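Student: I am new to this structure, and I would like to go through it slowly with you.

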Amino acid sequence: MKQPYLSPDDLPTHKTTLISEILLSQLEETTKKSFYLACKHSIRILLSSCHWYFKVNSGILMLVMVCHDIESYQNIMMIVPYLASQLKRYANQAKISISSPVNQGIPWVINVNQILPEEDSSNH
């Protein structure tokens with residue numbers, strides 16, 4: 001598939017691209033801090049059991065989680081409805097990507113709008 005030709009005048013400058021990348025990175029980091037602080041204490045403990053961060057791609061906010069062991073993976077999978085409800089506060093379009101422990105399958109990615117609300121939030 002060929003890219004349409006654009007003259008250099010129609011392309012963003014290197015400086016503009018660099019500033020956009022910096023701003024996007026700051027947005028992701030700020031969202032992570034705010035999201036973490038908005039979560040209940042028990043959820044924060046579960047989040048601490050894995051590597052997680054936010055990525056914005058094509059305007060879609062994605063919570064990326066990499067679990068280090070099967071126990072943390074199972075615990076994170078149980079709180080997906082809670083995470084989805086929290087994410088809906090930050091973006092109209094959001095996804096969650098959860099990877100099982102090192103190289104044990106492909107990441108599980110789901111759109112938060114496809115996740116049913118949690119039945120009883122008092123469990124978390």
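Student: Which residue stands opposite Met-65 in E3?

Tutor: This is a predicted model, in which local features need pLDDT of at least 70, side-chain atom pairs count only at pLDDT 80 or more, and totals for chains, interfaces and linings use all residues. Residues are numbered from 1 along each chain as its sequence is written, and side-chain values use heavy atoms, with hydrogens and water left out. Strands are DSSP runs (E, at least two residues) and helices are DSSP runs too (H or I, at least four), numbered from the N terminus. The residue that stands opposite Met-65 in E3 is Ile-98.

Student: How many bridges join strand E2 to strand E3?

Tutor: Two strands pair if DSSP finds at least two bridges between them. Strand E2 (residues 60-67) and strand E3 (residues 94-99) run parallel, and the number of bridges joining them is six.

Student: Why is one side of E1 and of E4 left without a neighbour in the sheet?

Tutor: The four strands form an open sheet with mixed pairing, in the order E1-E2-E3-E4. One side of strand E1 (50-57) and of strand E4 (108-111) is left without a neighbour because each stands at an edge, with a single partner strand.

Student: Which strands does helix H1 touch?

Tutor: Helix H1 (residues 14-38) packs on the sheet, and its direction makes about 135° with that of E1. Such angles run from 0 to 180 degrees between N-to-C directions, with axes fitted to C-alpha atoms, for helices over the stretch in contact. With contact meaning heavy atoms within 4.5 Å, the strands that H1 touches are E1 and E2.
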